[in-house]
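I opened this one to see how the two chains are put together. My notes follow the order in which I looked things up.

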Amino acid sequence: MGLLSKKDSKLILDPLADNNPITIQVLGICSALAITAELKASIVMGLSVMAVLAIGNVVISLMRNIIPSKIRIIVQLVVVAALVIIVDLVLKAYSYQLSKTLSVFVGLIITNCIIMGRFEAFALANGPWRSFLDGIGNAAGYALILVIVGFFRELLGSGTLLGFKVLGDPIEKTGLYALGYENNGFMLLSPMALIVVGIIIWVQRSRNKALIEDH
Amino acid sequence: MMENRTDKNSYTILFAIGMVLVVGALLAYASEALKPKITENKRLEIQQNILYAMGVNDNEDGSVNFIPTNKVASVFSKYIKKQLVIEGDKVIEDDNAYLIDLKKEEAKAADPNYTRRLPLFVGEKDGQTFYIIPMRGKGLWDAIWGYMAVDKNLIVDGVYFDHKGETPGLGANINQRFFMDDFKGEEIMNGNSFVGIDVTKGNNDPKNDDKDDHEIDALAGATITSNGVTAMIKKGVGMYIPYLKTLKN
């Protein structure tokens with residue numbers, strides 16, 4: 001990345017792999033389990049969190065010298081909740097259909113622990129530009145895992161991707177279904193999301209042994 | 001060591017008060033300033049939903065497309081011939097019946113002396129008359145609601161369902177074509193008695209060829225939302241049956 005210094009580009013690239021918020025920091029698991037039954041929902045959630053985390057990180061970073069340390073968690077919560085509510089109101093007024101799509105995600109964004117985690121761990125101690133990059137990077141790392149989980153859950157659970165019937169039609173028995181293949185309904189339930197996340201963590205740590213924690 | 005300014009109690013309290021005032025004012029302003037537009041969007045959405053249920057929509061294969069918002073008002077007045085409010089035995093015509101808030105009516109109906117107002121929309125398409133019934137119920141996380149269009153023989157012509165916060169990819173799919181399209185042609189009556197339509201797992205009829213079974217395939221992984229739809233139809237449509245029966249004769 002020519003635009004960014006080496007230190008800055010690390011902020012974006014690290015969370016994609018060796019410091020991934022879901023698989024390494026184990027943050028944001030709840031929403032990763034809740035909304036990954038479909039690829040589309042994963043993508044929407046990833047982008048929403050990216051917007052909120054990048055802007056929120058900048059706001060917290062700008063305020064980092066005036067926030068009283070005793071109530072900093074409350075201040076962080078207020079910032080993210082206010083941000084999300086305002087964005088939601090603006091969308092409801094000017095882009096109603098989009099806001100309908102996002103409505104379920106709003107509550108999940110506010111409670112996403114990645115957001116509070118990055119405010120606390122990064123934005124309170126760094127300048128706005130670096131905080132912005134950190135927000136983008138961590139949200140991208142989060143989105144990446146969501147997309148991978150969403151891809152497998154939708155493909156194996158419903159036989160579709162983004163709503164397209166890529167494996168054929170299960171009712172008309174075409175494509176793979178003509179050979180006796182069946183969708184695995186279990187993939188649609190949350191336990192399988194946890195197992196898929198577990199498999200990703202397993203694969204990642206066996207490829208990079210340095211990530212395995214000491215006991 | 002000098003005490004940090006931001007650690008003082010007085011500073012903390014002042015900061016908290018200031019933050020509450022600023023954020024409160026900001027949110028109140030945003031909410032008030034955008035309210036007229038949001039209310040208008042919601043009003044048009046109701047018209048779009050009612051039209052959708054009776055099959056007046058811009059659907060292409062697989063996707064749900066409403067009549068665009070800039071056209072919906074005129075299309076609504078073209079297709080919806082009458083808006084009725086049923087109050088006990090009385091039936092009144094009211095051009096703003098679609099604005100009746102079902103949630104508020106349900107709350108008021110808790111009072112036994114209150115006669116609940118039931119809005120009903122009479123639409124006409126290709127020379128056929130449809131009765132569109134609004135309903136409201138509970139899903140897994142929050143409210144679900146919908147509209148069901150029936151003809152005078154009480155056979156379903158179409159439905160529209162929506163939800164406030166069902167699980168994306170699972171219960172949230174009640175507003176998808178593959179679920180809603182199944183309702184077309186189903187009967188809600190068994191002879192002279194009302195049975196509704198069960199959204200059930202044991203249907204064994206994925207192509208939905210059997211239109212007399214009062215059953216629709218449930219959504220995989222969304223049992224409670226599916227049950228919520230069943231209950232909503234039983235209760236919501238059930239209230240209209242006494243009136244709808246009078247049409248049949």
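**Confidence**

I started with the scores, since this is a predicted model. The model gets ipTM 0.77 and pTM 0.77. For chain B I noted an average pLDDT of 89, and 97% of its residues reach at least 70.

**Chain A overall**

What is the secondary structure of chain A? I counted eight helices and zero strands. Read from the N terminus, the order is α-α-α-α-α-α-α-α. I took the box along the principal axes, and the C-alpha atoms of chain A fill roughly 65 × 50 × 35 Å. Chain A has 215 residues, and 36% of them are buried. I also checked sequence separation: among contacts in chain A with a separation of 6 or more, 76% are between residues 24 or more positions apart.

**The largest nonpolar core**

Next I looked up the largest nonpolar core, which has 95 residues. Which members touch the most others? They are B:A53, B:I132, B:Y147, B:M148 and B:V159. Helix α7 of chain A (residues 128–158) supplies the largest share of this core, nine residues. For background, nonpolar side chains tend to be buried together in soluble globular proteins.

Setting aside neighbours within four places in sequence, B:I132 is in contact with B:I50, B:A53, B:M54, B:F121, B:G123, B:Y147 and B:A149. Of these contacts, B:A53 and B:Y147 also turn up in the list of members that touch the most others.

**Strands of chain B**

I walked through the strand pairs in sequence order.

- β1(B) (residues 80–87) and β2(B) (residues 90–93) run antiparallel, with four bridges. Here B:L84 stands opposite B:E93. The hairpin they make has two residues between the strands, and B:G88 has a positive phi near 65 degrees.
- β1(B) also runs antiparallel to β3(B) (residues 117–125), joined by seven bridges. I wrote down two partners: B:V85 bridges to B:P119, and B:I86 bridges to B:L118.
- β3(B) and β4(B) (residues 128–138) are antiparallel too, with five bridges. They form a hairpin with two residues between them, and in the turn B:D126 has a positive phi of about 50 degrees.

Which residue in β4(B) is the bridge partner of B:F121? It is B:I132, the residue I had picked from the core list. That ties two of my entries together: B:F121 is a bridge partner of B:I132 and also one of its contacts away from the local sequence.

Notes. Residues numbered from 1 in each chain as written. Chains lettered and ligands numbered in written order. Predicted model: local features only at pLDDT ≥ 70, side-chain atom pairs only at ≥ 80, totals over all residues. Core = buried A, V, L, I, M, F, W, Y, C linked by C-beta atoms within 7 Å. Buried ≥ 20, exposed ≤ 12 C-beta atoms within 10 Å, placed from the backbone. Contact = placed C-beta atoms within 7 Å. Pairing = 2+ DSSP bridges. pLDDT = per-residue confidence, 0-100.
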